[in-house]
Structure formats: C-alpha cells, structure tokens
Amino acid sequence: MLLNMTIANFKSVKSPQTISFQAVKDSRLPASKLVEVNDHLKVIKTSAIIGPNGAGKSSFVRALEVLKRIVMASDGPENPLQGALTGTVFAYGIDKATPATISIEVLLDKGEGTEEKPTTIARYTLKANKEKIYEESLYYIINNSKKLMFERILGDDGLYSYRFGKLYRGEKKRQAAKLPENRTFLAGSARKGGQTSLELYTWFEKTLHILPMGVSSKAEQYACDMLKAHPGWGEQILNYLWALDITDINRIEVKTNDNGEDHLRFTHIYVNDKKAEGYANVFAGESLSLRRLTVIGFAFFEAFITGKTLVIDDFGQLLHPDILCHLVEIFENCDKESQMLVVDCNPSLLKDGLLRRDAVWFAQKDQESSTVYYSLSDFKGARGKVPTSQRYMQGVYGSLPITSEFYFVHDGTPVEPEQTESEGEEA
C-alpha cells in the first residue's frame, strides 16, 4: 500500500509537497474506512485530490506514472528518462535542467509491529532530469527504525558514489560499476535477483495500477485480458453495471478477429420486447462513460481478490455524481488490503460520510503559480450542520476556480463562409 508521496520541481509543483494516505488519530472519524496495519499505523482505503481545472491535481498521478515508467523501463539503447521526464520539470522555472524529485513510502510487510514480526516500509527516492539520475536511495523503516539499503549519489566529478546498508541483500559493486546514468539501481539489482530491490520492484510491477482513461485500445485490451483470465467475471460485470442502473446489457464477451486481435463485445437487449431481441456492439462503439465504467469495474475486481493500489485520474469524467459516489461505496466494501487514489474536480466527492476528512486533499496554485496540496483535516473548526460540499462551494477551503467576465471582440477581419466543392463549381 502507498503510504505517502512527496514531489518537488515536477510539472506544476515547485517546493516539496507531500500527500499522505495514513489516517490521523481522530476517534470521530469512521474506522471502517481504514486498513489497520498495527496499533500505530492505519491506511485510508479511498483518498481523493480535489480542485479546479489547471490547479495541478494530476501532477501527483503523472509523478507516479513517471516513477513507474523509469523503474520498469526495459534494457536497451533508449533513454527512459528522456521519454518520461521531458517537459515534467517545474513549468514556471527558468532552469529546465534542474532535476525533479519523487519520493514514496510503500508498505512492504504488514507484520505485527513486533520484533519477531516487524512492520516493514520502503522509502524510495529518485532525483533525475531527462538526461541522468542525480540521486537514488532505498531505506527500510522497520518498526519505526530507519535502515539504509542502498544510496547512489552523482558527484561533481560525474561519478557515482554508493553506500549499502548491512541488511541489503543482492549484488553490489559489479552491478553498480556497469549501471548507466539513466537506469535505476533498483531495477538493475532486482532483475539480477537482488532480494531487497525485488520487493519494491514487484510492488511497482504487480500492485501499483494506474488505470487507463477507458477510451483507448489499451483500455480495451486490459478488459479483454481480465475477462479471458477470469471468464466468470462476465456475469460479475453485468451485475456491477446493473447496480449502476445500466440494465440493457445481457452479455459481455471477448471476440478474436481474423488478425488475432481481441475485442470486447456487448450484447444489448430491448427489455420491453417479449422476444428480447437486441444488438451487439464493440467496445469502441459504446459510449465513453460505459467504456470507462467497464474498465473501472475490472480494476475493482482485481482489487477485491488481491492487494492493489488503484490510481484513477479524472475519476468523475463523463460520470453522473451519484454514480461517482456509488463507485466509492462499492470499493469501500473491499475486504482486501487494497486502496484507491482518485483525482477529480467534482465536489460530489465531498458528500458527508463518503470519505474521511483526512482522505480529502485539495490542490490550488500559490502566488508563483506553483501547486500546493493540503488536507481537509487541517480545517479543525469547519464542522457543523452545513454540509462539507456546501462549505467548499462557499470558499471555506479554497481550491476554487476564480472566474471573470469574458467578451469576444471581433477585430474587423471579414469572415468568408466556407464553400463546398459543388458550390464552387456552380459559381
């Protein structure tokens, strides 16, 4: 599970900004919305970043995408930093070569918080620009005791210095000597079977799931892969869509064309027709909202059977506010150690009782047009009979768009009506 993340000099974020998914100590907040690790650590199941368009909400998602892309980059001549970090350094800065910093804390082993069965947290930090890595480090926090695993720092002479902790398990000097400046030591040592690096590398590979938007071929392929791996989920998807008031679909199946390409096909029925006749439609032919809901549904099912960290950008895109809230309620019933992190500008997520106060984060721009994040739980006095969503719209928490009047001014240039080819011939 992702416990917190800090980013700096990345896209719209200049100074270090941290978002935490650990619960604050407040007995007034519902414990049912938490995953209890031990007496001292509880993780929030569903968290949301809310704010106006252009405030930098999605910088958080992009940072996770970049980090995963760099770590999971395959060996080859291409520079993974070039593709991942181009255009991502602080947008309003002068020096575009200044490296971005991304740091995360991930729960690796729940344990029991005891000496015999310790709780283990990985703290991984990467500092890089599109050319090379400047710093990389991995620490383990074992029962609140910080232990160095490895550290890699680029010196003024252009050479890397390495430090390894006593608990590090894996190849050291030989791996470090031949590692390119644009590749992570984490990935290199994990692929060589290094036990310590492999634990966090596996989290990136198998647990962190950043959902596609639901409108691309990548989204359809994901849905097809899930249905082929779990044929019984076809009926589950129908029940899930029914729960969202989509009741005219009676079959979802994978069809393979002559080129060997998989496509998801929906069979619709006319529910008032006694013959129950209908029509079939492919994934690309369905509405964007249905495609998006289908992808989210399959992602939920994965999280219901194994621990996942789901990250969904523009969560409410094309979705009715009531559907959006109901999706959160469906996920909250997950009894696995899974979590969902969503980003949206829809204030319906502020519905009282839907999310814990410490699960809601706001994003807004400061005087430098840099993004800052802050939690709803910071507003201790903002309680009472007025709903949270109404307080937000009243400006109590900030993070609202500042609008102004706009008038179109024509510059006097004549605008000629377009002519079709046939009209031109007639003239």
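**Reading the sheet and its helices**

Guide: Of the 427 residues of the protein, 47% count as buried, where buried means under 20% relative accessible area with a 1.4 Å probe, protein chains only. This is a predicted model, in which local features need pLDDT of at least 70, side-chain atom pairs count only at pLDDT 80 or more, and totals for chains, interfaces and linings use all residues. Residues are numbered from 1 along each chain as its sequence is written, and side-chain values use heavy atoms, without hydrogens and water.

Visitor: How many helices and strands does the protein have?

Guide: Helices (H or I, at least four residues) and strands (E, at least two) are DSSP runs, numbered from the N terminus. The protein has 11 helices and 18 strands.

Visitor: In what order do the seven strands of the open sheet lie?

Guide: Strands of a sheet pair through backbone hydrogen bonds, either parallel or antiparallel. Two strands count as paired if DSSP finds at least two bridges between them. Here the order is β2-β1-β6-β7-β8-β9-β10, with antiparallel pairing. At the edges, β2 (17-20) and β10 (160-164) each pair on one side only.

Visitor: Over how many bridges do β6 and β7 pair?

Guide: Strand β6 (residues 100-109) and strand β7 (residues 120-128) are joined over nine bridges in the antiparallel sense. Thr101 has Lys127 of β7 as its bridge partner.

Visitor: Which strands does helix α5 touch?

Guide: Contact means heavy atoms within 4.5 Å. Helix α5 (residues 195-207) packs on the sheet and touches β1, β6, β7, β8 (133-142) and β9 (145-154).

Terms used: Buried < 20%, exposed > 50% of the residue type's maximum accessible area, 1.4 Å probe, protein only. Axes fitted to C-alpha atoms, helices over the stretch in contact; angles between N-to-C directions.
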